[in-house]
Amino acid sequence: MINEKYILESNNKECKYGEIANGYYELKKSKFYSYIFYIDSNEKVEKYIEIIRKDNKKARHIVYGYEYYIDNVKYSKFSNDNEPSKTGINAAINTMEHEYVTNYLIVIVRYYGGVLLRSWSFT
């Protein structure tokens with residue numbers, strides 16, 4: 001139920017895309033940029049993903065996952081964008097679920113650094 005989870009909310013206007021948080025990580029010359037957005041509709045999900053894809057056309061992968069509720073109905077989805085299964089966005093989604101957070105979209109942009117990673121995860 002919705003009242004068992006924290007609802008992610010913020011009005012941070014200093015972030016590039018209107019996200020509430022962002023981060024950067026480098027692993028074996030691959031660069032990862034992460035963004036977390038407050039969402040409450042599929043229109044917001046599509047808007048944020050479209051903006052990030054447009055600004056990161058040279059990225060190797062753009063993975064995402066989201067969860068939000070409308071009238072106690074859960075909407076969720078994730079995409080590993082051809083990354084190996086159980087890598088990419090899965091660890092981030094599991095963390096959000098473990099902490100009972102909802103109404104979020106997480107997007108991770110990966111720029112390939114020339115070294116294949118057997119698998120990657122931020123845990």
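Biologist: Does Arg-110 count as buried or exposed, and why?

Modeller: Buried means under 20% relative accessible area, exposed over 50%, and partly exposed in between (1.4 Å probe, protein chains only). Arg-110 counts as buried because its relative accessibility is 5%. This is a predicted model, in which local features need pLDDT of at least 70 and side-chain atom pairs count only at pLDDT 80 or more, while totals for chains, interfaces and linings use all residues. Residues are numbered from 1 along each chain as its sequence is written, and side-chain values use heavy atoms, leaving out hydrogens and water.

Biologist: Which residues have the most contacts inside the largest nonpolar core?

Modeller: A nonpolar core is a set of buried Ala, Val, Leu, Ile, Met, Phe, Trp, Tyr and Cys residues joined through side-chain atoms within 4.5 Å. Here the largest one has 16 residues, and Phe-37, Ile-39, Ile-52, Leu-105 and Val-107 have the most contacts inside it. Another core, of 9 residues, lies apart from it and includes Phe-32 and Tyr-104.

Biologist: How many salt bridges are there?

Modeller: Side chains of opposite charge can pair when their charged atoms come close. A salt bridge is a side-chain nitrogen of Lys or Arg within 4 Å of a carboxyl oxygen of Asp or Glu. The count comes to 2. In one, Lys-44 pairs with Asp-40, their closest N and O atoms being 3.3 Å apart. Lys-74 forms a salt bridge with Glu-67, with 3.5 Å between the closest N and O atoms.

Biologist: Is Glu-67 buried or exposed?

Modeller: Glu-67 is buried, since its relative accessible area is 1%, whereas Lys-74 is partly exposed at 41%.
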